[in-house]
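Please read them beside the sequence and coordinates.

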Amino acid sequence: MCFSVMPICSITMNNILISEGSAKASMVVMLFGGVLNMVLDPVLIFWFDMGIRGAAIATVFSQALMLAVYVGYSSGSRTTVRIALRHVVFERAYYTNVLRLGLPMFAFQLLSGLAMGMTNTAIGRYGDAAVASIGVALRILALVSFVVFGFVKGFQPIVGYSYGAADYGRLKEAISAALKWVTGYCLLVTAALSFFGRSLMGLFSHGDPTIVQIGSKVLAFNGIVFLLFGFFMIYSTLFLALGKAREGMMLNLSRQGIFFIPAILVMPGIWGLNGVIYAQPVAEVLAFGLAVSLFIPLKRGLAAEKALSD
């Protein structure tokens, strides 16, 4: 807890490098820290017989060294944004803009944790097998979702550059390319979860047929709407990249909050275990509808801005 400031600073530095176009440098530093942590863990835990203390020391040391590399890189001549105390200013406008655009992602992360807790609470009444199956299925879904998160992480600065430079042609091209790539990936995931859900669950269920049955059903229904998840992430990221904080906040509150919370509270009382399984897919569909309804006026507004710039 005492050293939690280091990963926070590292995440900040990572985003600064990505925002200025140094995505490769950011990736190299992150890989360096992750690999170093992986190497130090077994050395300190087993070789020096330090147990959990060794794991903690390995993590702190890796985070400290990674942060030092970030600071060193950002203090040199290879970066646009240089880190120096003389550049630190306390102006309300800067902090207001940071909070305005950062709060939607904070809300998204907060509601994701809340949604996980509410799902576990709702599923708990149906026995240990149901809890285990939901837990495994949600982790598989989280794993395939990380690819989309990584993609939109790279999509965001490109959109921001293009919009800031009033390059509407490049902006349109970036949105179109992002939608095509994400759609292709999500289609593959949908097919995999629909046809191989039982096999995936079997890898983590130790042969328990109940866990496989419930978990494969969760994967199938969430796999069907996974395509919508890709569109939703592109749209929600787009609003934030364009500085549309209000719309971005609405979208980030909708998927795991505005739509999911009522669904997980009401649907299990009507359909039992199936209500728990259907809650997230229903929320995905409704959130996608909201994203489309917000994107239509945005598209018209961008067309009007382009016409004025021409």
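1. Leu85, Val88, Val89, Phe90, Tyr94 and Tyr95 make a nonpolar surface patch of about 700 Å². Patches consist of residues with over 30% relative accessible area and no salt bridge, with nonpolar side chains (Val, Leu, Ile, Met, Phe, Trp, Tyr) joined within 5 Å and like charges within 9 Å; a salt bridge places a side-chain nitrogen of Lys or Arg within 4 Å of a carboxyl oxygen of Asp or Glu. Areas follow the Shrake-Rupley method with a 1.4 Å probe, and for residues only the protein chains shown count as cover. Tyr95 belongs to helix H4 (residues 92–123) and is partly exposed at 41% relative accessibility (buried is under 20%, exposed over 50%, partly exposed in between). Helices are DSSP runs of H or I with at least four residues, numbered from the N terminus.

2. The model is predicted: local features need pLDDT of at least 70 and side-chain atom pairs 80 or more, whereas totals for chains, interfaces and linings use all residues. Residues are numbered from 1 along each chain as its sequence is written, and side-chain values use heavy atoms, leaving out hydrogens and water.

3. The structure holds 12 aromatic pairs (ring centres of Phe, Tyr or the six-membered ring of Trp within 6.5 Å; planes under 30 degrees apart are stacked, over 60 edge-to-face, the rest tilted). Trp47 and Phe48 form a tilted pair, because their planes meet at 35 degrees, with centres 5.8 Å apart. Trp47 is exposed at 69% relative accessible area, and Phe48 is exposed at 52%.

4. Tyr185 and Phe226 pair edge-to-face, at 6.4 Å centre to centre and 65 degrees between the planes. Tyr185 lies in H6 (residues 168–202) and Phe226 in H8 (residues 226–241), so this pair ties together parts 41 residues apart in sequence. Tyr185 is partly exposed at 22%, while Phe226 is buried at 5%.

5. How is H8 placed relative to the rest of the structure? Of its 16 residues, 14 are buried, so H8 is largely enclosed. Just after H8, Gly243 takes a positive phi of about 80 degrees.

6. Two backbone angles deserve a comment. Most residues other than glycine have a negative phi. Asp49, however, has a positive phi of about 55 degrees; Asp49 sits in the loop between H2 (23–47) and H3 (51–74) and is exposed at 66%. Ala166 likewise has a positive phi, near 55 degrees, in the loop between H5 (128–164) and H6, and is partly exposed at 39%.

Technical notes:
Buried < 20%, exposed > 50% of the residue type's maximum accessible area, 1.4 Å probe, protein only. Helix = DSSP H or I, 4+ residues; strand = E, 2+ residues; numbered from the N terminus.
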